[in-house]
Amino acid sequence: MLSDLAWLPAPSADFRERLRALRAEAAQPGEAYYERVLTLATAALDENQLGQLARLAGSVAEGGAAPAQFGRVKLGVVGDGTLSLLAPVIAGSGLRHGLLVDVVEGAYGSAVQQAMDTFGPLHRARLDMLLVASDVRALGLSRAADSLADAEARVAGALAQLKMVVDGFRPSVGAAILVQTVPPPIEPLFGSFDRVEPTSSYAMVTAFNARLAAWASEGQVVLLDIARLAETIGLERWDAPRHWHASKLPFAPEMAPVYGDVVARTVAALRGRAKKCLVLDLDNTLWGGVIGDDGVAGIQLGQGSAAGEAFLAIQQTALELRRRGVVLAVCSKNEEAAALLPFREHPEMVLKEDHIAVFQANWTDKAANLRAIAETLNIGIDALVFLDDNPAERAQVRRELPVVAVPELPDEPALYPRLLMAAGYFEAVAFTQDDRDRAAMYQANAARAAAVQASGDLDSYLASLDMVCTIRPVDAVSRPRVAQLINKSNQFNLTTRRYTEAQVEAAERDPDRHLAQIRLVDRFGDNGIICVLIGERRGDALEIDTWLMSCRVLGRRVQEAALDHLVRVARTAGARQLVGRYIPSPKNAMVAGHYASLGFAPAGEEPGGTTVWTLDLADYTSPELPMVIDDTAVGAPTPELQA
Amino acid sequence: MSSAEILNELREIMIDVFDVDDLEVTPATTAEDVEEWDSLSHVRLVVAVERKFKIKFKNSEIEALKSVGDLVNLIEAKTAA
C-alpha cells in the first residue's frame with residue numbers, strides 16, 4: 001500500500017506524450033502549466049517515470065520562466081552507498097509537492113570527506129537543505145559487537161560520524177539538515193534474544209535510532225524516519241542484499257518511488273507546504289449508507305458491526321488530526337438539514353458539529369464547494385485534502401482543482417485511515433502549542449466569513465466521463481432493484497409513492513402505464529439502475545406518477561435524459577403534454593424546483609402542498625446531452641390513443 | 001512469448017528506462033551502442049524487466065549478460081519455466 005503509492009491514481013496512459021509537451025514548453029510555460037505538471041506528477045509513478053520528471057524539473061528551473069507557484073529548493077544529498085538512484089526520484093517526487101528540487105549529489109561513500117572539504121563543490125553549492133542518507137553497513141552497526149563496551153563505542157561512534165558530517169556542512173546549508181534512522185537488520189543472530197543482548201546488531205541499531213530521535217528533538221536536525229518506512233513496508237521487501245552487493249544500492253530499487261516521496265513531502269513540510277485542512281465527504285465516507293435515504297437510525301456507524309466500526313475509526317483518525325491542528329471541513333452532496341442530523345443526533349458520532357470549521361452540504365459540484373471552503377478559511381486551495389469514497393467525485397475534483405490532494409481509496413472503508421495517513425499530507429517537522437490551537441483559530445475565522453458558492457466548468461467534465469445512459473422497460477430481472485429503489489429513495493423522489501414488487505409487475509402489464517428504468521455507465525464503471533420512471537396516460541396527457549433518481553448521479557444531466565425519454569413516450573402515445581407533481585415529504589426538499597428547472601410551467605396546487613406542473617410538448621426541444629442515449633423503452637404507439 | 005515479442009517489449013522498456021524518444025534494438029545491441037546505458041540505468045533496466053515479466057534474476061545471471069540477445073534468451077528461459 002505504502003510501497004506502491006496506493007493513495008495516488010495510476011499514471012495516465014499518455015504519460016510520455018504529456019511529459020514531452022510539458023518539456024517542450026519548459027522555457028515558455030503555456031496556460032495552467034503548474035497545474036498540468038502537478039496532474040502528471042500526482043500519480044503512482046515508477047522510478048523511471050520519476051527520473052523523466054526530474055529532467056522536466058531541471059528544464060523548468062533552467063527555463064527561468066517557471067510559474068510562481070513552484071517552490072525552489074537546492075538539496076544536497078550525501079551519504080553511504082550509491083546515491084545516484086536517489087537524486088532523480090527525489091527531484092521527480094518534488095514536482096508532486098509543487099517543488100523544483102535541484103539535487104546536488106555527493107560523491108559515492110565520502111560524506112565525511114566532503115563535509116570537511118570546506119572549499120568542495122557541496123559547500124560552494126549554496127544549499128538550502130542537506131540530506132544525509134546513512135546506511136547501517138557504513139555506520140558499522142551491521143555486525144555484532146565484541147563486548148558491551150564495544151557495542152557502546154560503536155553506537156557512539158556512528159552518532160559521532162554523523163554529527164561530524166552535519167557539523168561540517170552546517171555553515172554552508174541555509175535551512176535544514178535531514179538525517180535518517182536506519183532500518184534494523186533482518187537476519188537474527190540469536191533470535192528474539194537479539195533485542196535483549198546489547199551487543200547484537202539489532203540492539204545497536206535500536207539504540208542508535210533512539211539517540212537520533214533525541215538529537216532531533218533538540219531541533220538541530222530534522223529526522224527522516226526511514227526505519228519506520230522500511231518496517232511499514234516490510235524489511236524483507238525493503239532490503240535487497242543482491243543490489244547492495246552488485247551496486248551498493250542502500251535498499252531495493254523498487255522502493256525508490258516511496259523513498260522519494262517521503263523525502264519530498266518532508267522538504268515540502270519544511271517549506272510550509274504541508275496540507276492544513278481535511279475536507280470530508282459524508283455518505284459512505286464518515287458513515288455507511290446515505291443519510292437522506294437511510295435516516296439516523298439506518299446509517300452504519302459505531303460498535304457492533306464491522307462496517308460501523310470502520311467508519312468510527314475514520315472519524316477517530318480525523319479527530320486526532322484536528323487535535324494536532326489540522327482543520328476539518330465537510331463537503332457533501334446532501335440537504336444541509338439531513339447532513340447535520342447524525343452530528344446532532346447519532347449517539348456514536350465521534351465528530352461533532354463543533355469540530356467542523358466549514359460545513360458545505362448542498363447540491364453544487366464539489367470543486368466549487370472546495371473553493372468556498374478555502375476562501376472561508378482564508379487558506380490556499382492547495383492546502384486542502386479531500387476524502388471522498390466516490391471515484392467520480394474524486395476525478396472531478398482532481399480535474400478541476402489539481403492542487404487539491406485527493407487520495408485514492410480502496411473499496412474497504414477499514415483501510416481509509418491507512419491510505420489517508422500513508423500519503424503523508426500533514427507531514428510535520430515540529431509540534432507546538434500553536435499547532436494544537438490552530439484548528440480552533442481557523443474555525444473562528446471561518447465563522448466570520450460567509451460561504452461563497454460558484455460553479456466550475458461542469459460541462460467539459462461531464463463530456464470527459466464517457467457516459468452511456470441505457471433506458472429499458474422494467475422486466476423480471478430489473479424488477480427487484482426497481483422495487484427496492486421505489487421503496488427506499490427519499491431525496492430525489494418527486495412523489496415518494498411506494499409500490500411492492502407485485503404492484504410493479506402489475507403496472508408493467510397495464511397498457512395505460514409506462515415503466516422505465518435507467519442505468520448509467522461511465523468510465524469509472526456501471527452505476528447500476530439510477531432512475532425509475534412511471535407514467536400514466538390520462539386524456540391527452542402523460543402524467544408522471546413516479547420519478548426517482550439516485551443521488552449518486554446528480555449533476556450529470558441524467559434528469560434531462562429522463563425527461564427526453566418521457567417526451568418521446570408521450571409523443572409516441574399521441575399525448576400533447578406532460579403533467580408532473582411534486583408531493584413534498586420531510587426528505588425531498590431538494591426536488592421542489594425540479595420541474596421548474598426542466599422548463600415545466602406551474603399549473604396549480606393541491607392539498608398538502610403538492611404542486612402541479614405541465615410541459616406543452618409543442619414547446620419542447622431535445623437538449624444536447626453529454627452522453628450516449630440507448631433507449632429501447634419507448635415502445636410502439638398504442639392503438640386506442642392513436643384513434 | 002516468442003523471442004521477437006520479447007525483444008519488442010524490451011525495446012519499449014528501454015525507451016522508458018533510458019528516457020529516449022526512439023531506440024533501435026537488435027539482439028546484437030550492447031551497452032556500448034546506447035549512450036544512456038550506463039551502470040546505473042542498467043540497474044533500473046534490470047528492475048523494470050523483472051517487474052514487466054514477473055521474474056527475478058540472480059546477480060550471476062546479470063553479470064553474464066553481454067548483449068540484448070543474451071537478455072532476451074534469459075527472459076525467454078525464465079518465463080518458459
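User: What makes a residue buried or exposed in this predicted model?

Analyst: Buried means under 20% relative accessible area, exposed means over 50%, and partly exposed lies in between, with a 1.4 Å probe and protein chains only. This is a predicted model, in which local features need pLDDT of at least 70 and side-chain atom pairs count only at pLDDT 80 or more, while totals for chains, interfaces and linings use all residues. Side-chain values use heavy atoms, without hydrogens and water, residues are numbered from 1 along each chain as its sequence is written, and chains are lettered from A and ligands numbered from 1 in the order in which they are written.

User: Why does Trp547(A) count as buried?

Analyst: Trp547(A) has 0% relative accessibility, so Trp547(A) counts as buried, and Tyr595(A), at 1%, counts as buried too. Both Trp287(A) and Phe343(A) are also buried.

User: Why is the pair of Trp547(A) and Tyr595(A) called edge-to-face?

Analyst: Rings of Phe, Tyr and Trp (its six-membered ring) pair if their centres lie within 6.5 Å, and planes under 30 degrees apart count as stacked, over 60 as edge-to-face and the rest as tilted. The centres of Trp547(A) and Tyr595(A) are 6.0 Å apart and their planes stand at 75°, so the pair is edge-to-face.

User: What makes Lys163(A) a charge over the ring of Trp215(A)?

Analyst: The rule asks that NZ of Lys or CZ of Arg be within 6 Å of the ring centre and within 35 degrees of the ring normal. The charged end of Lys163(A) sits over the ring of Trp215(A), 5.0 Å from its centre, and Arg137(A) lies over the face of Trp244(A), at 4.0 Å from the ring centre.
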